[in-house]
Amino acid sequence: MTGLIPILLLGALILILGGRLLAQWSRQSHAQVVTIEDYSQACAALDSVFVETAAIKRIFANEDMEFISQAGTGDVQRFFLKERKRLAIQWVRMTQKQVAHLMDLHLKLASYTYEPSPRSEGRLTVNHVCFILASNGVSVFLWLFGPFKAVRIVAYTVRAAEYFCSEFRLRLEKIDPVKLGSARQPRSL
Amino acid sequence: MSTNLIWWSSVALETVVLFRGLRAELLKKYLLFYAYVGCVFLIEVLRFCSYTFTPNFYPAFYWHSELITIVASYAVIFEIFGQALRHNPGVARLAQKLLLVVFVIALSYAASDLLHGGFTSVPRATADLGRYLRYVEGALLLVMLWLFGRYRISFGRNLLGLTVGYSLLVGLDVMNLALLSFPGNEFSIGLRKSLPITYLITLSIWCASLWSCQPDPVQSAESAIDRDYEHLAAKTRANFAHLPARVGRKLRP
């Protein structure tokens with residue numbers, strides 16, 4: 001009976017991935033394929049990662065908390081903590097969205113390259129999964145304890161995002177320009 | 001009566017798929033796929049003749065012809081692979097390596113299971129071989145579907161219908177054959193009965209999606225856009241080269 005489970009799983013996964021392919025196609029038929037504009041957006045997206053991560057330092061800055069603790073009343077402190085917690089959670093969600101977008105672009109662009117390396121692709125996947133787990137952990141931690149105790153985990157998230165930036169840069173260097181240009185052309189026979 | 005109806009319906013749909021393939025000039029484009037459909041059609045007709053004129057020979061003929069059908073269906077795997085990745089040589093190379101690994105693992109698993117099962121009779125051994133070949137095919141298809149999804153490979157309507165229909169057929173057949181190999185499983189009987197209907201659904205999907213030739217995403221010659229792209233790529237490369245260091249310097253606590 002134990003031998004039956006992997007085979008049944010195999011059959012079920014084929015059906016699921018077949019359905020996913022159909023869903024992907026219906027999305028792609030409305031959305032544009034990778035174009036030169038998307039490429040510019042990738043550049044802007046990387047810039048925004050830099051800008052946002054710089055802003056984060058302020059959200060998690062202990063100096064602000066120390067200042068409020070010394071100068072503010074209890075209500076002000078509570079309000080300050082609530083606001084910082086909201087901002088921190090919002091930032092984590094934005095970072096997750098940004099990295100997911102980067103990953104999506106990376107994969108689309110990877111299909112245009114002459115030689116995607118299985119090793120680096122595997123490494124990237126592992127790192128992406130780690131990032132998802134870590135960032136979800138950060139969200140839970142922020143929600144439970146507030147932003148100031150979450151600094152260590154945030155430091156890891158920043159490092160992971162930094163890794164994605166460098167991987168993405170390497171990917172861009174390997175793009176086949178002819179293939180990327182052709183993606184903008186309308187579909188024809 | 002209902003069995004005959006399904007039988008004739010599937011033969012009729014196979015005829016329509018082949019006819020439309022010829023009329024819509026898809027036969028040349030998807031030659032391996034149409035060769036598979038033609039092979040299945042021929043086997044269906046031979047099975048019908050065997051069932052009518054030599055019923056005693058039918059069970060043995062069924063399992064032998066089933067094995068041929070499964071072997072022939074590997075042509076569809078090659079067709080999907082070749083058509084889907086013809087504009088993505090990098091992903092095709094990656095897929096080749098991955099498929100080879102999966103093929104070796106799945107084949108080793110199937111061979112060891114087949115040898116452990118022992119040899120009872122020729123029809124039984126043929127049925128087992130067919131089952132394991134289907135498992136291997138399922139594993140290959142799974143890897144291909146995963147790669148298509150992962151790298152967001154663009155599909156034309158024809159190829160999409162071909163792939164989705166084939167996935168439905170193989171996915172359910174793999175589950176059915178697995179359950180069939182465990183005697184006394186009541187769910188297997190239900191699934192076995194529903195399988196011909198699944199095949200009819202698959203043929204209907206193929207019939208609808210391959211009714212006429214639909215445009216595919218194609219590669220075009222270099223244009224002004226490419227030159228713009230190269231400018232932009234050079235610009236962004238220079239930009240990205242310093243970005244990680246800048247990010248790291250600013251953000252490390």
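**Reading the helices of chain B**

Modeller: Start where a helix stops. H5(B) is followed by B:Arg152, whose phi is positive, near 50°. Keep in mind that this is a predicted model.

Biologist: How many helices and strands are there in chain B?

Modeller: Chain B has eight helices and zero strands. Read from the N terminus, the elements go α-α-α-α-α-α-α-α.

Biologist: How do I describe two packed helices?

Modeller: Give the angle between their axes and the distance between the axes. Take helix H3 (residues 58-84) and helix H5 (residues 122-150), both of chain B. Their axes come within 9 Å and cross at roughly 15°. That angle makes H3(B) roughly parallel to H5(B), because angles under 35 degrees count as roughly parallel.

Biologist: Is the crossing of H3(B) and H5(B) left-handed or right-handed?

Modeller: H3(B) passes H5(B) in a left-handed crossing.

Biologist: Which classes of residue make up the contact of H3(B) with H5(B)?

Modeller: The contact has 19 nonpolar residues, four polar and three charged.

Biologist: Now the whole chain. What share of the residues of chain B count as buried?

Modeller: Of its 253 residues, 33% count as buried.

Biologist: And what share of the contacts in chain B join residues at least 24 apart?

Modeller: Take contacts between residues at least 6 apart in sequence. In chain B, 77% of these join residues at least 24 apart.

Key:
Residues numbered from 1 in each chain as written. Chains lettered and ligands numbered in written order. Predicted model: local features only at pLDDT ≥ 70, side-chain atom pairs only at ≥ 80, totals over all residues. Axes fitted to C-alpha atoms, helices over the stretch in contact; angles between N-to-C directions. Helix = DSSP H or I, 4+ residues; strand = E, 2+ residues; numbered from the N terminus. Parallel < 35°, antiparallel > 145°, perpendicular 65-115°, else oblique. Left-handed = near helix turned anticlockwise from the far one by under 90°. Nonpolar A, V, L, I, M, F, W, Y, C, P; charged D, E, K, R; others polar. Buried ≥ 20, exposed ≤ 12 C-beta atoms within 10 Å, placed from the backbone. Contact = placed C-beta atoms within 7 Å.
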